Amino acid sequence: RELVQKRMYASIVDVKELVNGLLGSDGFKSWDKKDNYLVSCFSLNNEWDVNFYSKKSRKITSFSIGNIIEIKNEEGIFQKKMKHPGLLDIRKVKISLHDALLKVNKIKEKKVSEEKTLNEIIILQQIGVPMWNISYTTSGFNLLNVKINAFTGEIIDTSFTNIFSLRKNLD
């Protein structure tokens, strides 16, 4: 069990380092930033995007961070009522991704210890406060979502839902 946990955490990135590396890159420096500001960092199974939002165009520009930095086309945000996403102040993030994942995994052990994690979705965003929004999809078709205050480490919200019940809510 210890070996599995060590291996899982070996690939965890320091998100502040990730953002600062992007900001210092030639690709970012040559990008026309206009009125864009940092809104989130997003990871699906350890593939990272850093996202910037323009109030003027109401679109998000994403930078995929891998062996190379790739800029993605601007995309609109998916909200019925248009609100501008909050500015993510990376300096206010005091709880590391590692520490946030430790908290989420304790919750996962209580809820679904027998289920295998299929996908890990991590979002660092600002909704009033900087927060880690971490979701796991499991082999039992469940979705565990935990929101953690990235400044204090306090758990803001936890939900555990069967993926098929989400479909009912969409109809």
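Q: Which residue takes a positive phi in the hairpin of β1 and β2?
A: Asn 45 does, with a phi near 50 degrees. The hairpin has two residues between the strands. Strands here are DSSP runs of E with at least two residues, and helices are runs of H or I with at least four, both numbered from the N terminus. This is a predicted model, in which local features need pLDDT of at least 70, side-chain atom pairs count only at pLDDT 80 or more, and totals for chains, interfaces and linings use all residues. Residues are numbered from 1 along each chain as its sequence is written, and side-chain values use heavy atoms, with hydrogens and water left out.

Q: What makes β1 and β2 a pair?
A: Two strands pair if DSSP finds at least two bridges between them. β1 and β2 have eight bridges, in the antiparallel sense, so they meet the definition. One of the bridge partners is Asn 51 in β2, which belongs to Ser 40.

Q: Why is Lys 34 called exposed?
A: Its relative accessible area is 60%, and exposed means over 50%. Lys 34 lies in the loop between α3 (26-30) and β1 (36-44). Its phi is positive, about 45 degrees, although Lys 34 is not a glycine.

Q: What makes Arg 58 partly exposed?
A: The value for Arg 58 is 37%, which falls between the two cut-offs. Arg 58 is in the loop between β2 (47-54) and β3 (59-65), and has a positive phi of about 60 degrees without being a glycine.

Q: What makes a set of residues a nonpolar core?
A: The members are buried Ala, Val, Leu, Ile, Met, Phe, Trp, Tyr and Cys residues joined through side-chain atoms within 4.5 Å. The largest such core has 31 residues, and Ile 134 is among those with the most contacts inside it. Its largest share, five residues, comes from α4.

Terms used: Buried < 20%, exposed > 50% of the residue type's maximum accessible area, 1.4 Å probe, protein only.
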